[in-house]
Amino acid sequence: MGNDNKDKPIEIQIKNRDTIIIRTSILGIVANVFLAGFKALVGGLSGSIAIVLDAVNNLSDALSSVITIIGTKLANRLPDKKHPLGHGRTEYLSAMIVAAIVLYAGGTSILESIKKIITPQQADYSAVTLIIISVAIVVKIILGRFVKKRGEKVNSGALIASGADATFDAILSASVLASAIIYITTGISLEAWVGVIISVVIIKSGIEMMIETLDDIIGHRPDAELTKRIKKLLCEEPQVRGAYDLIISDYGPGKLYATVHLELPDVMSVEEVDILTRKLQTKIYKESGIVLIGVGVYSYNTKNPVAGKMRDDISKLVRKYDWLIQIHGFFVDEEAKTIRFDAVLGFDISSKEAIKIITDEVNAMYPDYKAIVVPDVDVSD
């Protein structure tokens, strides 16, 4: 969120975000429809396939903005019995539709351009044509900068991408203008070839959008800065020695749910843990908008003087093996004669093989104890 918005309650921030997305998208629709109309008229009168395809690109941008609005509205429907965590991921599905539209536009455009290469048609440019194309370039640059800035303000990937796309459209329009000037000055027609280039760029954009959206739907590693920030907020409490296994589940923009394990002293009572947990849930939501739905607990030794040395000895395994990222949740049970901890593993070794190696090493270090090692996954930075 923007600096003028960050001190407001999360609910107000989300409402403001949606308002900005919708208003900015409406502006994009109006601008792109006007540009498409002008370019289609100019392209038809001049016989320029490149200008016509540029107009089609503007129409696809306008349609993308329409779907962005619909997706935002649907994503904000209240939770129901079938969807208890809301409808936030609808926004990702709308992005998939936008990507499909962009791919279709690019596919049809490249076919038309190839036809023009096989059967050339001479374009007829006028001063008015060149002026309109130039104005369109300026409008797209201004629109692109504005939309991208608004997207960054509300942390909207859709708006940021739209802004970047608009700026890139200006570059494409500039290439059309350049081909027109080349034709007027030299008589060499690059119309159809420029159309192919524009079509390839459109297809590339559609594929990238599709991949990014699929990543959101499938699930990907959360932003490193976000996870560091959440862990820092948790560890600010004096009882918390460490925060581990942070999993952030994305149910749509602004709808994040998380679980975490906290390392707490072994002398804390259940009542004290409950009070701390509720305090942290309120704090995390207020500071980040993330709903902390689950807090697990690791205990660490406060009464066993040798546990610290044992932990330090075993932690040296992290430097010994590249695939062993971290050891946490370390606890020595003198009564049961066990050493238990979680081992965060990389993705280049099987859990079974890794746990056997670690267990054998620990049992060799401390033969009077039994090592209980739980494999963990590197899900956050």
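Which residues of helix 8 are buried? In this predicted model, helix 8 spans residues 270–288, and its buried residues are Val273, Leu276, Thr277, Leu280, Lys283 and Ile284. These residues lie on the same side of helix 8, because the arc they cover around the axis is only 135 degrees. An α-helix has 3.6 residues a turn, so residues three or four places apart point the same way. The face turned away from the buried side of helix 8 carries the exposed residues Glu271, Ile275, Arg278, Thr282 and Lys286. In length, helix 8 has 19 residues, and the distance from its first C-alpha to its last is 26 Å, close to the 27 Å expected at 1.5 Å a residue.

Helix 8 packs with helix 7, which comprises residues 224–235. The axes of helix 7 and helix 8 are 10 Å apart, and the angle between the two helices is about 140 degrees. Angles over 145 degrees count as roughly antiparallel; helix 7 and helix 8 are therefore oblique to each other. The crossing of helix 7 with helix 8 is right-handed.

A further helix pair is formed by helix 3, residues 90–118, and helix 6, residues 191–218. Their axes come within 8 Å and cross at roughly 160 degrees, which means that helix 3 is roughly antiparallel to helix 6. The crossing of helix 3 and helix 6 is left-handed. In the contact of helix 3 with helix 6, 23 residues are nonpolar, nine are polar and two are charged.

Definitions and conventions
Residues are numbered from 1 along each chain as its sequence is written. This is a predicted model: local features need pLDDT of at least 70, side-chain atom pairs count only at pLDDT 80 or more; totals for chains, interfaces and linings use all residues. Side-chain values use heavy atoms; hydrogens and water are left out. Axes are lines fitted to C-alpha atoms, for helices over the stretch in contact, and angles run from 0 to 180 degrees between N-to-C directions. Helices (H or I, at least four residues) and strands (E, at least two) are DSSP runs, numbered from the N terminus. Angles under 35 degrees count as roughly parallel, over 145 as roughly antiparallel, 65 to 115 as roughly perpendicular and the rest as oblique. A crossing is left-handed if the near helix is turned anticlockwise from the far one by less than a right angle, and right-handed if clockwise. Ala, Val, Leu, Ile, Met, Phe, Trp, Tyr, Cys and Pro count as nonpolar, Asp, Glu, Lys and Arg as charged, and the others, Gly among them, as polar. The expected span of a helix is 1.5 Å times one less than its number of residues. Buried means under 20% relative accessible area, exposed over 50%, partly exposed in between (1.4 Å probe, protein chains only). The arc is that of the directions from the helix axis to the C-beta atoms.
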